[in-house]
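User: I have a structure open and some terms to sort out. Can we go through them one by one?

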Amino acid sequence: MSNKLNILKYYLKFRYRKFDSRRELGLYQKKKINRHLDYVTANSPFYHRFNGKMLESLPVIDKKIMMDNFDIINTVGITKDEAMDFAVESERKRSFSEKLHNITVGLSSGTSHSRGIFLVADSEKEKWAGFVLAKFLNRGLFADYKIAFFMRADSNLYQSVNSRNIKFEFFDIYADIHLNIEKLKRFDADIIVAQPSMLLILAKEIQSGRLSVHPESVISIAEVLEKRDEQLLKDAFGLNVIHQVYQCTEGCLASTCQYGTLHLNEDIVYIEKEYIDKRRFIPIITDFERTSQPIIRYRLNDVLVEKEGECPCGCVYTALEKIEGREDDVFVFYSDSGEKIRVFPDFIRRCILFSGDITDYRIIQNSDGNILILCDAEGKMKQRIKDEFALLAKDQDFVLPEISFQSYSYDNSRKLKRVERIAH
């Protein structure tokens, strides 16, 4: 059982710790990283050879390296095979309360087409719970809250926030949506946490009059929240801000402030930025609060966009304009001369957004380079979409491939990706 006093300690730490400047933040990060590396190099066989080295001397890794070396990277002696077997069996039984050698084990949902395993010790779980509560309980820790959490899998990691005054309720996204809606009506949540795809379903139920809920906060997780979807959710739920948590297997990387701006959580992670252009970058993350499965110089394949100007909240943490999507979902076209032209997902989305009022859609570039658009559109709308792609091709100087259409359908077994490239 989680130590509630530890959760309270971390809640107070994360709630009230402030940094007056980037320099002050940097000094704090350096101290935490040095202490973290001392522990990891002493306890992880993979990192033992780097004992006494500075962070920049350690290798940059990715999901493949992490999974290939899982047995020797983690510090708790759990093998990849036993962790995978344990996690798969938990999902098969839809029972997520048990631990493996007193460690919480989970699976990522596989957005990047390969599933990852994450390990979390009780002490890390308590830090995570304190951090999340500090970020999102607007009325303070001791007020009453009912939190509805829509997820693919429950976990004792999430259940650690339960207490006398905080009631956490798991909503299985694989369950019948009508049963979930009836359950949500009865639960009367103060906070709803779900993927944008699920939040949009709830929004439609609200607009149709079949669902009446009045949460004080809605938090988007797990999928990229499109700007148009964000506005639709604001209107449906009657809120000025839809909060976001940018969290993946590798850690809780960013969260929104009271103005709705995503800020990197630089009090728990150090981010190296691999710039693609002036504002877009790939994050390389070091989580200095996590020890059971060290995340050190871990290169994600997400494309993040820095916000121009300062956020009115005054936070010194890096502000993001948006999470644009996966690096491998950047579309690839060719010019007349055969030069490769890379087009970021934001430009692809605009071809739909500029065409008219289309709420549900997906745009896929298949391995042959052609484009498949899933949406419910008639002839004139389809032509407007093609015209927008033609304008984009002219502007970016590439040869427009074949464009085809299919009806839109939502698959709740995978994360919603509005823009997706299927690699060769």
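User: Which residues are buried in α2?

Analyst: First, this is a predicted model: local features need pLDDT of at least 70, side-chain atom pairs pLDDT 80 or more, while totals for chains, interfaces and linings use all residues. Residues are numbered from 1 along each chain as its sequence is written, and side-chain values use heavy atoms, without hydrogens and water. Buried means under 20% relative accessible area, exposed over 50%, partly exposed in between (1.4 Å probe, protein chains only). In α2 the buried residues are Leu25, Tyr28, Gln29, Lys32, Ile33, His36, Leu37, Val40 and Thr41.

User: What covers the buried residues of α2?

Analyst: The cover includes α1 (4–16), β10 (269–275) and β11 (280–287). Helices (H or I, at least four residues) and strands (E, at least two) are DSSP runs, numbered from the N terminus.

User: What makes β17 and β18 a pair?

Analyst: Two strands pair if DSSP finds at least two bridges between them. Strands β17 (residues 361–365) and β18 (residues 371–375) have 5 bridges, in the antiparallel sense. Arginine 362 has leucine 374 in β18 as its bridge partner.

User: Why are β19 and β20 called edge strands?

Analyst: The open sheet runs β19-β18-β17-β20, with mixed pairing. Strands β19 (403–406) and β20 (419–421) each pair on one side only.

Definitions and conventions: Contact means heavy atoms within 4.5 Å.
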